[in-house]
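The reader may wish to keep the sequence and the structure in view throughout.

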Amino acid sequence: MVAFVTFALIVLFFTILVLIGKANELSEDLAGKGMNYDSKSKWNGYFLLAFIILFFISIVYQIRILAPIMIPKPASYHGEVTDRLFYVTLFFMSIVFVLTQTALFYFAYRYNQSKNKEAYFYTHNNKLEVIWTVIPSVVLAVLVVMGMRAWFQIFDVESRDRNPMVVEVTAKQFQWMVRYPGLDGKFGPRIIDKEHITPTNELGINFEDPSSHDDFFADKLVFIKNKPVLVKLGAQDVIHSFYLPHFRVKMDCVPGIPTQFYFVPKFTTEEMREYLKTQPWWNTTNPETGEPRWKTFKYELACTEVCGRSHYGMQKEVVVVKDSTEYMEWVRKQTAIYVPAATAAPADSAKAEGGSTSGGKDAKVVSELVRKK
Amino acid sequence: MSAESTTIPAEVHGHVDADHVHGHEHHHEASWLETYIFSQDHKTIAKQFLITGIFWGIVGGFLSVLFRMQLGWPNDTFPILESLLGKWAEGGKISNEFYLSMVTMHGTILVFFVLTGGLSGTFANLLIPYQIGARDMASGFINMLSYWFFFAASVVMFSSFFIQTGPASGGWTAYPPLNGMRDLAINKGSGLGFDLWALAMTLFVVSSLTGGLNYVATVLNLRTKGMSMMRLPLTVWAFMFTAVLGILSFPALLAGVSLLEFDRLLGTSFYLNNIVVNGHLLDYKGGSPILFQHLFWFLGHPEVYIIILPAMGIVSEVLSIHSRKPIFGYRAMVVSIMAIVIISFLVWAHHMFVTGLNPNLAAVFVLFTLLIAVPSAIKVFNWIGTIWKGSLRLNPPMLFAIGFVSMFISGGLTGLMLGNSPIDIQLHDTYFVVAHFHIVMGVAAFFGMFAGVYHWFPRFYGRFMNDTLGYIHFYITLIGGYAIFFPMHFMTGLPRRYYTFANFETFNNFNFLTQFISIAAIIVFLAQLVFVANFFYSIFKGRRVDVQRTEEDGHTYGNPWDATTLEWTAPIERIHGNWAGEIPSVYRWPYDYSVNGKPYVSQDTPLAPGEIEHK
């Protein structure tokens, strides 16, 4: 019934509109100015002028309201470079935007036929056209050069730290499997065949290799401030995309094709909160927690390639700790995937298993020796 | 071939049509079915494309209203949705699965069925023969097939809404493996829904190719006497190059989708490798999901120019006519269309910067992507140059043309950010992209299309659309279009195609804004219904075109906008074969407005003694 009434009202509304339109048309015809657009042009000239002025005002207003709630400053070193490039581009864009929009709407107002009866026959101006071809070309060339410098800085394998922290992230519907190499710093190798990939070992980790014994799955991503990270990415079923909005990191996880992203976190979670504390919007109360927003701030991992019905749910927390001590403390609390008596162990019994920790300790001694070299 | 097709219709149709108008149908048994349904007349086919396009526009727009309701009010339920959508909205809440279906179908419908089929199909069909001075398309029969393949594609695509597993839901880009396996456990829409999608797209490609080949053949071969290429209106240039783009790029999509169906139905592994589902390794080996993306975007990027070039052509023409002033820099406009066509084939991988593509490749694609901004910028400056010192008739088509330029600037500029790979790392697949392409190829192309419909409605139906309703439509769409998409730029970093942002602390700050956008979207959708009402009302009751002269054979003539192009030298009645007598010859370029003290000089007017032709 409600649907019917709504529908009827909408139809009525449109009928009235059409009748108003028709009545206007008839009254114009009666006044004998059916196809004369003088007064219509005059009014629309004013409307267009008003539009552009209000549009510019609304942009200023939008910046004031919305800019503070955007994703805050980058938390990685390369993110600062890409953000700077964004703002440089924005600068050039804004100039072009304001000039062209103003010209467009001002001319539409200024030269409407009620103000300008006679059009000026003017077909082209080669000099002008060369100028407005060359200037954009130069600006674009500058942007391309800046962009490529930044790009090859981000993907320059040569200049990278030879010994970054490596995290393996494998995406599947609809979760992230985050594998850390454990105390030995080495991942157990994976073998892609039907024998190794099983419902209890989806990644096909070869547990016969001892380096796999202290590998662990983490419920969050933990990075160390100023310690380069190489995230090795993969996917099980469909394409996902590994996205760390605060770190300006995004790379697709493609089944069957390994990808990776290398970056250096710059601010710990705590430091970011301290920074946000100085921002007015982040001091407002979050209605859900009842506390200032900066207090519950956290870095997050999201999926940005549509991957099925629960695409929007692929969330994981990301934490940046201040140094390796804090990191090691966290690592020691984790439970290895490997279960010594792996014959019939279901996945969740691994958590209850304490035996693997001792194996881990041995491995830790070895790995710390290796690192000292 | 060209000689035959130019002469035969001239004699046969010209004769028959005189009878048509008088209501006798002796020579040619043109039944009702042949005249209105299986017609080979370009004008009827244009109307068929337009009305099918309007139908799809309403469907596609309505889908966006539905998913905007979910995005704007993620915690509320709307019982009316359950009565409308049944199990897809149990309890009045759209399911996450169907949300993705709607997003997928919204994209597919608007990109292909409205802004390609509806836009190119309508105006290329209507204007190419009229403006080059031809009786009809090179092959009327193939032209008819083009529409009917489009119709078949539409039926198949629409039918996918009514199947058990729902329509395709893996995104309009159809990436495998999400769409690459008929495994309902992975994605329900990847079942029969996607097969129908693929079938519909195949039929669509056939329609687009048959149409495109016809447009190119017609423009190259059937121009009337004196209509050299450099005397073509910019509309015709745009339609011809649009067709060239389509002919060269749609086959890549067809190839891509065919291989995808091989994977899905025959168990090949073109796009699949080492897929693990629930801990079981599947047998696919050695394929690459990225290969599909290359094939898709090899069409996909030219496709956005297939959408925007016809709009650019229409706007160039409309701006010039209603400014009473020649288009500024005609040659530069033609050259920039050509430049766009060539460069648009060299930019596709800018959709793939973060797929793990070799970073060195990105350099090439960044260069060409930013390079394509140069011809686009030239066009914008030339449009502004065109209205400068004009005498602007601010009627609905002119306003939409101005709105097009404004939208094209706003949306085009953000392309400079997205096209630059380091910035794209953050912006890829976020609302910033949504804002960018909706403004530049969605709203802008619609503005171009509306400018065309309001402007050429008298050519279609011999009547005008209502101005008052046109103005209402324009201002709500202009303001509403910006209200929807401009604030989305501030949602930089919020991922696309999310059913709700509630799971993320990071993305959950924009609730009031998503609501605002949803309200704006609903208002803009309703404003489009004003257009639809105006359109259908005006077909029957619109103000008639003033008759300026009546010939002996009873044909009436009128040129409502004082335009120079040939379509207005044909009778208002729209006869088969277009001109009752001989096809007019052309003596000058199409932009002689406000020249030598005359408001306009039609293209078929010989040069006055001593007059120098504009070149």
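Two strands are said to pair if DSSP finds at least two bridges between them; strands (E, at least two residues) and helices (H or I, at least four) are themselves DSSP runs, numbered from the N terminus. The model is predicted, so that local features need pLDDT of at least 70 and side-chain atom pairs count only at pLDDT 80 or more, while totals for chains, interfaces and linings use all residues. Residues are numbered from 1 along each chain as its sequence is written, and chains are lettered from A and ligands numbered from 1 in the order in which they are written.

In chain A, strand S1 (residues 165-172) and strand S2 (residues 175-180) run antiparallel and are joined by five bridges. Within this pair, A:Glu168 stands opposite A:Arg179 of S2(A), and A:Ala171 has A:Trp176 as its bridge partner. The hairpin from S1(A) to S2(A) passes through two residues. S2(A) is also joined, by three bridges, to the antiparallel strand S3 (residues 216-218) of chain A, where A:Ala218 faces A:Val178.

These strands belong to an open sheet of five strands in chain A, with the order S3-S2-S1-S5-S8 and mixed pairing. Its edge strands, S3 and S8 (259-263), each pair on one side only. From one strand to the next, the twist averages 30 degrees, with axes taken as lines fitted to C-alpha atoms, for helices over the stretch in contact, and angles running from 0 to 180 degrees between N-to-C directions.

On a wider scale, the domain assignment, which is automatic or from a database, divides chain A into domain 1 (32-154) and domain 2 (165-339 + 358-372).

Between the chains, 111 residues of chain B are in contact with 106 residues of chain A. Helix H13 (residues 396-418) of chain B gives the most to chain B's side, with nine residues.

Chain B also contains helix H8 (residues 234-266), with 33 residues. H8(B) bends by about 30 degrees at B:Ser249, and B:Pro251 follows within four residues; the bend is the angle between axes fitted to the seven residues ending at a residue and the seven starting there. After H8(B) comes B:Gly267, with a positive phi near 80 degrees.

Note on methods: Expected span 1.5 Å × (residues − 1). Contact = placed C-beta atoms within 7 Å.
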